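Welcome! Have the sequence and the 3D view open, and try each exercise yourself before you read its solution.

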Amino acid sequence: MAEPQFSCVDGAQLDTETAYRLLVGSVVPRPVAWITTIDTDGRVNAAPFSSYNYVATSPPMLAVNIALRPSDGAIKDTARNIALTREFVVNVATESTMELAHRSAEEYPPHVSEAEALGLELLPSRHVRAPRLAASPIHMECRLDQAVVLGRGVNTLYIGEVVAFHLSHEVFDGRRVDAEKLRPIARLGGPFYAGLGEIFHRPMLQRPPGGEGAAG
Ligand SMILES: Cc1cc2nc3c(=O)[nH]c(=O)nc-3n(C[C@H](O)[C@H](O)[C@H](O)COP(=O)(O)O)c2cc1C
């Protein structure tokens, strides 16, 4: 059988554009955090971010990487608001919110609220001033723990502690979130999103916190 052929690309000196293209094509699928923040005048900002995941469980923590704007190198509104207020809300993006979440990525000037422009219904948060998005079935209120400037400074990782989860009973039975009911979307490389696709079941081979799904 013919040996598979590989392209080998060195990482250290890669230009940002190529690095981005290789990363977003290779690190897939990525969950989409639809993040709400407020600015110092209380204007609500909403934008999607897929360089995102949970990073700790005690206490619960999330991290999102926000880049400088490629067009002009300016700080994005979400990043500026998180740095100023030290608060944000992650709303889980789903199939039914995909269209609005996607449109909220458009470059609106800082004084324009995406929430107003797109007619997003807002719900008050419990612990932070940034509101939640009613269209999303899961909201995580976060307080900034650390902002870590990465590499040559294009990217900053915002690590937030989840101070409250809000889980719609349509997707949460009091113990577990049902992924099939949640219907999360994922970001792929380029202009592509994906849904859940086929779900595979295998027993857990090590005991996770809480013991969910453990073998035996
Ligand atoms: C699905 C999706 C995922 C995105 N993920 C990121 C990301 O992880 N980091 C980032 O800096 N920008 C990401 N963007 C681009 C931002 O959403 C975009 O720059 C937006 O205008 C930022 O809005 P803001 O200036 O209101 O914060 C993503 C866009 C889309 C559509």
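This is a predicted model: local features need pLDDT of at least 70, side-chain atom pairs count only at pLDDT 80 or more; totals for chains, interfaces and linings use all residues.

Residues are numbered from 1 along each chain as its sequence is written, and side-chain values use heavy atoms, with hydrogens and water left out.

**Exercise 1. The whole chain**

Task: Describe the chain by its helices and strands, its radius of gyration and its buried share.

Solution: 
- Step 1. Start with the elements: there are five helices and 12 strands.
- Step 2. Turn to the radius of gyration, which is taken over C-alpha atoms; the globule rule is 2.2 Å times the number of residues to the power 0.38. For 216 residues a compact globule would have a value near 17 Å, and the 18 Å of the chain agrees with that.
- Step 3. Look along the principal axes, where the C-alpha trace spans about 65 × 45 × 30 Å.
- Step 4. Ask how much is buried: 38% of the 216 residues. Buried means under 20% relative accessible area, exposed over 50%, and partly exposed in between (1.4 Å probe, protein chains only).
- Step 5. Finish with contacts, meaning heavy atoms within 4.5 Å. Among contacts with a separation of 6 or more, 58% come from residues 24 or more positions apart.

**Exercise 2. Inside helix H2**

Task: Find which residues of H2 are buried and what covers them.

Solution: 
- Step 1. Go through the helix: Asp 77, Thr 78, Ala 79, Asn 81, Ile 82 and Thr 85 are buried.
- Step 2. Look at the cover, which includes strands E2 (33-38), E3 (44-49), E5, E6 (87-92), E9 (138-150) and E10 (155-167).
- Step 3. Zoom in on Ala 79, which counts as buried at 3% relative accessibility. Not counting residues up to four places away in sequence, Ala 79 touches Ile 66 and Tyr 158.

**Exercise 3. Salt bridges**

Task: How many salt bridges does the structure hold? Work through the pairs Asp 77 with Arg 80, Glu 87 with Arg 129, and Asp 178 with Lys 181.

Solution: 
- Step 1. Recall the rule: a side-chain nitrogen of Lys or Arg lies within 4 Å of a carboxyl oxygen of Asp or Glu. The structure holds eight such bridges.
- Step 2. Take Asp 77 and Arg 80, whose side chains meet at 3.3 Å, N to O. Being three residues apart in helix H2, they are separated by about one helical turn. Asp 77 is buried at 6% relative accessibility, whereas Arg 80 is partly exposed at 24%.
- Step 3. Take Glu 87 and Arg 129, with their closest N and O atoms 3.5 Å apart. Glu 87 sits in strand E6 and Arg 129 in the loop between strands E7 (122-123) and E8 (132-133), so this pair ties together parts that are 42 residues apart in sequence. Glu 87 is buried, at 9% relative accessible area, while Arg 129 is exposed, at 55%.
- Step 4. Take Asp 178 and Lys 181, with closest N and O atoms 3.9 Å apart. Asp 178 is partly exposed at 29%, and Lys 181 is exposed at 56%.

**Exercise 4. Arg 187**

Task: Is Arg 187 buried or exposed, and which side chain of opposite charge is nearest?

Solution: 
- Step 1. Locate Arg 187 in strand E11 (residues 186-187).
- Step 2. Check the charge: Arg 187 is buried yet has no salt bridge, and the nearest side chain of opposite charge, Glu 99, is 10 Å away. Here Lys and Arg count as positive and Asp and Glu as negative, with His and the chain ends not counted.
- Step 3. List contacts beyond four places in sequence; among them are Val 28, Pro 29, His 102 and Tyr 193.

**Exercise 5. Distance in sequence and in space**

Task: How far apart in space are Ser 168 and Val 149, and Ala 79 and Val 64?

Solution: 
- Step 1. Find Ser 168 in the loop between E10 and helix H5 (179-182).
- Step 2. Ser 168 and Val 149 are 19 residues apart in sequence and 34 Å apart in space, C-alpha to C-alpha.
- Step 3. Ala 79 and Val 64 are 15 residues apart in sequence and 9.8 Å apart in space, again C-alpha to C-alpha.

Methods. Helices (H or I, at least four residues) and strands (E, at least two) are DSSP runs, numbered from the N terminus.
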